[in-house]
Amino acid sequence: MKLKSELLVQPSGELSKQIRIELKEDIETRDRDLATIKEWLRKQPHLPNEWEDKPLMTFLRGSSFSIEKCKRKLDMYFTMRAACPEFFTNRDASTPALREVLKSKLQGPPLAGVTPNGRRVTICRGLYNGLDGQQITDTLKLALMIGDVRLVEEVEGVAGDIYVLDGAVLGASLLARLSPSTIKKFLICVQEAYPVKLKEVHIINTSSIVERFITFVKPFLKEKIRKRIYIHKEVKDLYKYVPQEMLPKEYGGDCGTMDELQEKWTQKLIEYRDWFKAQDALIANESLRPGKPTNYDELFGIDGTFRQLAID
């Protein structure tokens with residue numbers, strides 16, 4: 001696939017060398033590791049026979065070049081693509097429903113550059129607090145679509161991810177529409193199926209509603225991620241973690257506006273329309289899995305604690 005635009009500045013020079021050390025990437029052996037994963041994939045009757053080199057290399061980097069961890073991540077990735085069609089089908093960003101979400105409901109663009117220690121920053125902010133259930137699902141779908149684009153386009157690798165969540169428009173009505181099962185599926189995808197090294201989550205423009213939202217999602221998060229959530233009373237406190245100059249203008253930076261970044265990523269997702277369509281067939285087939293097939297009810301089971309969680 002020929003890429004029409006490049007939105008992600010790739011680390012280079014000394015920073016790239018530092019990132020390789022952090023990711024345990026040996027340029028002398030990484031091609032051999034890639035070949036090992038490709039051969040393993042061909043031997044799994046329930047998984048696609050082959051996949052592109054670039055996303056496979058991203059999985060290796062996200063697994064710190066642990067072959068066994070990479071295998072587990074890939075298996076879960078293709079399993080989730082079969083188990084969650086609401087997230088992984090109909091991924092055409094030019095359709096009216098997805099365009100509406102992208103244009104006027106929520107923004108979540110990754111920033112072009114990386115921090116001095118090689119981390120990619122993504123800023124998410126709502127534009128409208130009256131999302132219905134389908135729009136919430138579409139929002140999560142679009143977030144995973146951006147994640148899939150990054151599987152292909154993070155060609156040099158980054159030293160982890162930083163997410164900045166702007167809670168300015170989060171309201172009680174939106175919180176009430178959040179489905180525990182949908183949120184749990186999404187967070188299983190992020191934590192178990194994608195090669196994401198989540199280093200920090202920063203929440204700005206907080207309120208009592210935002211605090212209730214955090215309470216809502218915490219049961220679905222790994223303990224190590226819970227400890228990486230930072231709440232800031234003022235945007236300027238964020239500058240201790242993310243250089244001010246690399247932020248959008250709305251947050252005191254110099255890298256363009258959120259509207260401009262969002263439009264660029266909207267066009268990028270549309271460019272990938274055919275690629276997303278081709279991915280529909282690349283899913284796990286549980287009827288062919290050696291041993292016990294994955295039980296989706298067990299995988300997504302929500303116990304009484306989650307069902308009874310008070311959100312109002």
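A: Let's start with Arg81, which is buried with a relative accessible area of 3% (buried means under 20%, exposed over 50%, partly exposed in between, with a 1.4 Å probe and protein chains only). Arg81 has its place in helix α4 (helices are DSSP runs of H or I with at least four residues, strands runs of E with at least two, numbered from the N terminus). From the C-alpha atom of Arg81 to that of Thr139 is 16 Å, and 58 residues separate the two along the chain.

A word on what you are looking at: this is a predicted model, in which local features need pLDDT of at least 70 and side-chain atom pairs pLDDT 80 or more, while totals for chains, interfaces and linings use all residues. Residues are numbered from 1 along each chain as its sequence is written, and side-chain values use heavy atoms, without hydrogens and water.

Now to the pairing. Side chains of opposite charge can pair when their charged atoms come close. Searching the whole structure turns up 25 salt bridges (a side-chain nitrogen of Lys or Arg within 4 Å of a carboxyl oxygen of Asp or Glu).

One of them joins Asp148 to Arg91, with 2.7 Å from N to O. Asp148 belongs to helix α7 (residues 133–153) and Arg91 to the loop between α5 (85–88) and α6 (96–105), so this pair ties together parts that are 57 residues apart in sequence. Are these two partners buried or exposed? Asp148 is buried, with a relative accessible area of 0%, and Arg91 is also buried, at 4%.

While you are at that loop, have a look at Asn90, which likewise lies between α5 and α6. Asn90 is not a glycine, yet it has a positive phi of about 55°. With 62% relative accessibility, Asn90 counts as exposed. Phe65 is another residue other than glycine with a positive phi, in this case near 60°. You will find Phe65 in the loop between α3 (53–62) and α4 (67–83), and at 10% relative accessibility it counts as buried.

Back to the charges: which residue does Arg125 pair with? The partner is Glu250, and the closest N and O atoms of this salt bridge are 3.8 Å apart. Because Arg125 is in strand β3 (residues 120–126) and Glu250 in the loop between β6 (229–231) and α12 (258–271), the bridge ties together parts that are 125 residues apart in sequence. Arg125 is buried at 17% relative accessible area, whereas Glu250 is partly exposed at 35%. The C-alpha atom of Glu250 is separated by 9.9 Å from that of Val235, which is 15 residues away along the chain.

Leu238 also sits in the loop between β6 and α12. Leu238 counts as buried, at 1% relative accessibility. Between the C-alpha atoms of Leu238 and Glu154 there are 25 Å, and 84 residues along the chain.

Shared partners then link Arg120, Arg150, Glu154 and Asp161 through salt bridges into one network.

Within residues 94–259 the chain is 40% helix and 18% strand, and the end C-alpha atoms lie 17 Å apart.

Finally, the surface. Which residues gather in a patch of positive charge there? They are Lys24, Lys69, Arg72 and Lys224 (patch residues have over 30% relative accessible area and no salt bridge, with like charges joined within 9 Å and nonpolar side chains within 5 Å). Of this group, Lys224 has its place in helix α11 (residues 223–226), and its relative accessible area of 47% makes it partly exposed.

Note on methods
Accessible areas come from the Shrake-Rupley method with a 1.4 Å probe; for residues, only the protein chains shown count as cover. Lys and Arg count as positive and Asp and Glu as negative; His and the chain ends are not counted. The place of a charge is taken as NZ of Lys, CZ of Arg, CG of Asp or CD of Glu.
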